Amino acid sequence: MDMMTAKTIILAASALGAGLAMIAGLGPGIGEGYAAGKAVESVARQPEAKGDIISTMVMGQAISESTGIYSLVIALILLYANPFIGLLG
Amino acid sequence: MSFKVFAGVAIVVAVVINFVLKVAVKAGAVSVITPPLVEGPKVVFFIPTPHNFSFAMEMANGGYGIPVTITVVTTWALIALFFLFFNWGLKNLEMIPGKKQAFFETLYDVYDSLVTQMFGKRGKEFVVYISALISFIAISNITSFFPIPGFSTANGQFVISPLLRSPSADINTTLGLALITTFMFIYVAIKENGIKGYVGGLCDPTPVMLPMNIIGELAKPTNISMRLFGNAFAGMVIMGLLYMAAPAVLPAPLHLYFDLFQGLVQSFVFTMLTMVYIQGSMATEN
C-alpha cells in the first residue's frame, strides 16, 4: 500500500474517531441536567438556601463534566495534533 | 456617563473603519482577509540565544532563539493591565469610601467570603493565591470578548485579526496554573502532616493502594488543566466555525455565552476545585 493511501485511511479514521469520541457528551449532558433539575426542586422548597445550592450544584456539575472534557480533549488531539500521522514515518 | 461616551465613540470608530474598508475593497484598492480564528498560538518573536541553549528553536534567518508565543505576550498585557488597574484603584484610600473605593472593597469582600466559607478562619492564608487565580483566569477567559483589532499586511493583502489570543486556550497556561495548585496542596499537606504523614496518607488503607493513590493525585492537575483548556479552546473552535457559517449577527449573542458566561463559570470552577483540593490535603490531619 502506498503512502498516500495509508495517510488517507488514517485521516479518515481520525475524523471518525473524533466524531465518535464526542458521543461521550451524552453522559454529562444528562447528568448535569438531572443535577440542575434537583437544584431547582430544592430552591423551590427552600428559597433562602439559594446561594449554597447553586454553588454546590456548579461544583458537582463541574466534576461530573470531567468525562465529557476528556472526550473533547481526545477529539481535539485527533483533529489538531494527530499522533498517528507521525507513526507512518 | 463616561462609559456611555466611550462605548459610543468605540461603536462610531468601528462603523467608520468598516465603511472605509468596504469602500476600499469595492474600489479594488486593497483586498482584505481575515484569517481563520481556529489556530494554535503563533510565535510572535524570538529571544536570540546561543544554539546549544535548551528550548532554543531555529529562527527564520538561521540563528537560534527562544520562541515567545502570542499566549505569553497576552499574559504580559494582562499583567500590565492588572498592575495599572489595581494601582489606580488602591491609590488615596480613605476612611469614607468613594465610588471607586467601594467597588474595590466589594471585590475584596467577594474574594474574602469565597475563601472564608471554604477554609473558615484559615482563609487569610490563601486569599492572596485564590484571588489572584480567579481574577487572572476570569480576565484571560474574557480576553476574546473584548477583541483589539490588529492590522498587518501579508503578500500585499490587508489582514485584520484579533491582536490578543486568550491565554487559557493554550494548554501551557492551564497546565502551569494547575501545577501551581498542585504545588500548593502538596505543600499544605506536607506542612500539616510532615513528609511521613503525607506518604502515609498515600498508602492510606493498605500499602497496596499506593499506585492508585498516586494516580489519583496525578489526576487532579490533569483534570483541572484539561477542563479549563477544553472549555476555552472548544469555545474558540465553535465560534470560529460559526464565523465561517454565518459571518454576521448570529455570532454576537453567542459570544455572550461562550466567552463571558462560560469564562466566568470556568474561572469559578477552577478556583473552587483548587480550594477543594487544598482543603482535602488539610483534612487528613486527624
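How much volume does the largest cavity have? Here are some friendly notes, with that answer in point 2.

1. Ground rules. This is a predicted model, in which local features need pLDDT of at least 70 and side-chain atom pairs count only at pLDDT 80 or more, while totals for chains, interfaces and linings use all residues. Residues are numbered from 1 along each chain as its sequence is written, chains are lettered from A and ligands numbered from 1 in the order in which they are written, and side-chain values use heavy atoms, with hydrogens and water left out.

2. The cavity. The largest cavity has a volume of about 30 Å³, and the structure holds 1 cavity of 30 Å³ or more. A cavity here is a set of points, on a 1 Å grid over the protein atoms alone, where a 1.4 Å probe fits but cannot get out; a pocket is an open set with protein on both sides within 12 Å along at least five of seven lines, and lining residues have an atom within 4 Å of a point. Grid points are joined across faces, edges and corners, and a volume is the space filled by probe spheres set on the points. Around the largest cavity stand Thr143(B), Ser144(B), Phe146(B), Pro147(B), Ile148(B), Pro162(B) and Leu164(B). That lining counts 5 nonpolar, 2 polar and no charged residues (Ala, Val, Leu, Ile, Met, Phe, Trp, Tyr, Cys and Pro are nonpolar, Asp, Glu, Lys and Arg charged, and the others, Gly among them, polar).

3. At least two lining residues come from each of H2 (26-45), H3 (50-64) and H4 (66-80) of chain A and H6 (210-245) and H7 (251-282) of chain B; H6(B) gives the most, with 8 residues. By class, the lining holds 16 nonpolar, 9 polar and 3 charged residues.

4. Chain B and its sheet. Chain B has 7 helices and 6 strands, where helices (H or I, at least four residues) and strands (E, at least two) are DSSP runs numbered from the N terminus. An open sheet of 3 strands in chain B has the order E2-E4-E3, with antiparallel pairing; two strands pair if DSSP finds at least two bridges between them. Strands E2 (43-49) and E3 (57-58) of chain B stand at the edges with a single partner strand each, so one side of each has no neighbour in the sheet.

5. E2(B) and E4(B) pair over 6 bridges, and Val43(B) stands opposite Thr69(B) in E4(B). E3(B) pairs with E4 (residues 64-69) of chain B over 2 bridges, with Glu58(B) opposite Tyr64(B).

6. The unreviewed UniProt annotation "transmembrane region" covers residues 69-88 of chain A, where the chain is 85% helix and 0% strand and the end C-alpha atoms are 28 Å apart. UniProt positions follow the numbering used here, feature names are shortened, and annotations may be inferred rather than shown by experiment.
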